[in-house]
Amino acid sequence: MAIMQSNTATEAAQIPTGDQSGHRFALVALTSLFFMWGFITCLNDILIPYLKGIFELNYAQAMLVQFCFFGAYFLVSLPAGALVSKIGYQKGIVTGLSISVVGCLLFIPAERMEVYALFLGALFILASGITILQVSANPYVTALGDERTAPSRLTLTQGFNSLGTTIAPQFGALLILPAAGVAAGAASAAVIEVPYLILASALAILAIVFAFLNLPAIVSSATSESVSNTEAASAWSYRHLVLGAIAIFVYVGAEVSIGSFLVNFIAEDSIAGLEESEAAFYISLYWGGAMVGRFAGALIMRFISAGKVLAICSIGSCVLLLITVTGSGYLAMWAVLAVGLCNSIMFPTIFSLALAKLGPSTSQGSGILCLAIVGGAIVPLLQGLLADQIGIQLAFVLPIFCYLYILYYGLSGHRTDKRA
């Protein structure tokens, strides 16, 4: 990616402040994207027990769903950042939506041929489109106003992302798990086509809408921080961005890993002993907690620094996961579900803190952060390997280490007064 330089000042990505109604309209339009990719991502939590049942997979093999889905972020994020820098944020959104439509439609041949590898390929393409959406939409939201309130603004839109993740398990539990007869061990894969056709249609409509929307354009404006004539303003040179990328990696890994194991964990006899189709309901509570916390966090972070809120939520996650690992029955079940509330503000807060003061490197920084979302591919796979070896409950110790790092980032790692 080309590296921009400035002889006098760092130029920050912003939207002209003259048309506040245009800003509000753009923010409303963008929330639909956050909803959709949250919905699609969380639907994987239903796909995992479904595919595990029909293909008779172990935990590690089932986690290949998340490995392929979030692996797309690793391979596509940096090219997506370059693409968005070239064609602009709005066209990037349309491109991402169009690729996501193709990914959804590929579930049809995968379902009819009943080949696990084809499901994984369709997930990869679908996630590639969502990656471009993330690279386009997240920095766009941070640019829609004062940089100081960017964490609050992005947290608000992420609340609608969580609305999608809250609804998706009910959608999947209604259309996928009962029809597939996972709990009964049925070996049919003939229930995927309708849900993903619905998603393809919705994404296609959004692509058309965003192609014709008149959204305010991001422009560059000077800020007071000067950059040396000889120093390249590469996002990699910012310490808080690099540490933030690690925080995104472990956060997404922990959040996705917990959600991926919830159905099977709650179905354990020592926990709640529910059928998988019934246990799917509780995934909505996990993601619903994140939704409630994000709407509340958008208000709280107008009065309390984002770093402090991030640290407090990290401590809460660690305590709840210790109860999950050492407890049993409904105590362990409710503890792990409550982690969703602590998760709520983490992604948008880390993302905003990591992008702070990047100037013209904002799109490159966004690409790096989305690259780090590959944690959602790695951590669940590692937890799957642990679950196969030591059991599903003890395997929840892995996310604790992830949240300990996020605690460090909230306390000091996010500071922008040092360079890497």
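The side chain of Ser344 reaches the backbone oxygen of Leu341 at 2.7 Å. This is a predicted model, in which local features need pLDDT of at least 70, side-chain atom pairs count only at pLDDT 80 or more, and totals for chains, interfaces and linings use all residues. Residues are numbered from 1 along each chain as its sequence is written, and side-chain values use heavy atoms, with hydrogens and water left out.

**Ser344**
- Ser344 lies in the loop between α13 (329-343) and α14 (346-355); helices are DSSP runs of H or I with at least four residues, numbered from the N terminus.
- Ser344 counts as buried because its relative accessibility is 2%, the limit being under 20% relative accessible area with a 1.4 Å probe, protein chains only.
- Leaving aside residues up to four places away in sequence, Ser344 touches Gly289, Ala290, Gly293 and Arg294 (contact: heavy atoms within 4.5 Å).

**Helices α12 and α13**
- The axes of α12 (residues 306-326) and α13 come within 8 Å and cross at roughly 165°; axes are lines fitted to C-alpha atoms over the stretch in contact, with angles from 0 to 180 degrees between N-to-C directions.
- α12 and α13 are therefore roughly antiparallel to each other (over 145 degrees).
- Among the α12 residues that meet α13 are Cys313, Leu320 and Ile323, and the α13 side includes Leu331, Val336 and Cys342.

**Whole chain**
- The protein chain has 17 helices and 2 strands (strands: E, at least two residues).
- Of the 420 residues in the protein chain, 59% are buried.
- Among contacts in the protein chain with a separation of 6 or more, 86% come from residues 24 or more positions apart.

Conventions
Buried < 20%, exposed > 50% of the residue type's maximum accessible area, 1.4 Å probe, protein only. Polar contact = N/O pair within 3.5 Å; in protein donor to acceptor, adjacent residues only side chain to side chain. Parallel < 35°, antiparallel > 145°, perpendicular 65-115°, else oblique.
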